[in-house]
Amino acid sequence: ADAALWLFADQLGPHFTDGPDTHDRDIVLIESAHALRHKGYHRQKLHLVLAAIRALRRDLGDRVTVVEAASYRAGLREYGRPVVVHEPGSHAAHRLVRRLREDGVVTEILPTPGFTLSTRDFAEWVRDRPRYVMEDFYRDQRRRHGVLLEPDGEPVGGRWNTDHDNREPPPSGADTLGVPAPWHPRENEIDERVRADLDAMSGLHTVGEDGPRRFAVSRTEAKRALRRFLDARLPTFGTHQDAMLGGDWAMSHALLSVPINLGLLDPLDVVRQAERRYHDGHAPLSSVEGFTRQILGWREWVWQLYWHLGPDYSRHNALRAETPLPAWWTELDADAVTARCLSVAMAGVRDRGYAHHIQRLMVLGNHALQRGYHPARLTEWFATAFVDGFPWVMPANVIGMSQYADGGIVATKPYAAGGAYINRMSDHCGDCVYDPKVRVGENACPYTAGYWAWMDRSAGRLRGNHRMAKPLGSLERLRDRAAVVEQEHDRNRF
Ligand code: FAD
């Protein structure tokens, strides 16, 4: 075909390049200096993206041209041929692609194969629904794609949802979950080159440590990482999904968000391979359903909501949270933090650009919610400090789920919790100078005290939410309420 295929760095798998509209096209990728520089990304994130682009060029040889340019537009100009492109993953990129289409540089915008459902089909699904409920969407996804279903359309095992089995605290007394280690890459010449290029880029501002690369960036690596997860770790994926252990950063998590978000793996293929493990008797339903729910449910859901809720959604600030992010937070200074749980999660971000879901939601997000960090700034932080952060993934997860900044469009209640939750779900509190049961004084847990101070501050805005009626009642009865509020008002060490 005449027009080449322009790929963004999150469109790298065979489902993007070998489809009926794409298989016979030359490929162009642009290393845009603007895209690399205009935000303070985690060093390892820039490394992963550059390594992934260059791995594709290595693997597909002459079919691929990589253009280094100041911007995408400049890169396409330099390339000099018209291109087709898949629907990109952000509002900004979408606007750019549409303008390039008007200018004739882009001749066609193809639907993205990076997700299992088109935005048009979602719009139809969502029409006339009074509320957005992930569970309804997820069940329809299972039906739509025929995943984990009996021949009569009922869910295998008689249950759609195994969440109840997947919320166990960590095994008591254990330092690690004791499951087989995740796949990890062996660095190669590309990594060496990327590292040198990043070192040499003048004025590049990054956060976090450089470190050994931990995530898959090529198609072969992604397949290996997936294989390792399915064979060795999927069977234990479910049970302790919400648990945290200070000595086990990976637990039984998939560690696949990077290759999936880079577009190296086809999500439906990932799900079908997991499903096979259930039918083979290799992994229990709770693990396979739990994993399917993450990919076919949550991941697709936040993608769809990104487009459905639109660019203005990220401006919501229902709880009027205005606190700027403190420097220790933006600099990922885990050593400046005393609370064990928060220090461990922040160290994960600093050292790996990764923290697992419960650390993101119930430690980092929970802290930010309690301290009133500005939701749009926080969104920006999650998008830049995490190796798997991409624009589409942030609003529903951060503005909606984590910060309740949309006032209840995405989540039915705020994910705020005191130290008792963290103590139940982790081994952090035993080693911590703070006591999750103490609200006032030297060793008052910042999560426990912070929870009540936040409730006190937010009570007026939460009164309409019937799911908050009980905690608001407890707040009324809190004996030391005034002392907690006063103490937390001035707190700047956590
Ligand atoms: P697992 O726990 O093993 O889950 C398997 C896969 O399911 C993930 O690889 C991911 O592809 C998918 N998934 C599960 N939940 C979600 C979700 N809520 N949204 C999107 N995909 C999901 N995920 C990102 O990919 N990028 C982010 O920048 C990101 N930021 C987050 C910020 C906050 C505040 C919260 C609460 C969640 C965020 N998530 C994000 C979702 C989730 O925490 C990560 O996908 C997950 O921790 C990645 O690690 P894993 O591959 O080991 O995941």
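Helix α11, residues 267–279, packs against helix α12, residues 285–309, at an angle of about 170° with the axes 9 Å apart. Axes here are lines fitted to C-alpha atoms, for helices over the stretch in contact, and angles run from 0 to 180 degrees between N-to-C directions. Helices are DSSP runs of H or I, at least four residues, numbered from the N terminus. That angle makes α11 roughly antiparallel to α12, a label for angles over 145 degrees.

This is a predicted model, where local features need pLDDT of at least 70, side-chain atom pairs count only at pLDDT 80 or more, and totals for chains, interfaces and linings use all residues. Numbering starts from 1 along each chain as its sequence is written.

The contact, meaning C-beta atoms placed from the backbone within 7 Å, includes Val270, Ala274 and Tyr278 from α11 and Val288, Ile295 and Arg299 from α12. By class it has ten nonpolar, one polar and three charged residues. Nonpolar is Ala, Val, Leu, Ile, Met, Phe, Trp, Tyr, Cys and Pro; charged is Asp, Glu, Lys and Arg; the others, Gly among them, are polar.

Now the ligand. Which residues are closest to the ligand? They are His253, Ala254, Ser257, Gln294 and Gly389, out of 26 that surround it, counted when the C-beta atom, placed from the backbone, lies within 6 Å. Helix α12 gives the largest share of that shell, five residues. The shell divides into 13 nonpolar, ten polar and three charged residues. Domain 2 (119–186 + 215–309) and domain 3 (315–489) both contribute to the shell, so the ligand lies between them; the bounds come from an automatic or database domain assignment.

Notes. Helices (H or I, at least four residues) and strands (E, at least two) are DSSP runs, numbered from the N terminus. Angles under 35 degrees count as roughly parallel, over 145 as roughly antiparallel, 65 to 115 as roughly perpendicular and the rest as oblique. Two residues are in contact if their C-beta atoms, placed from the backbone, lie within 7 Å.
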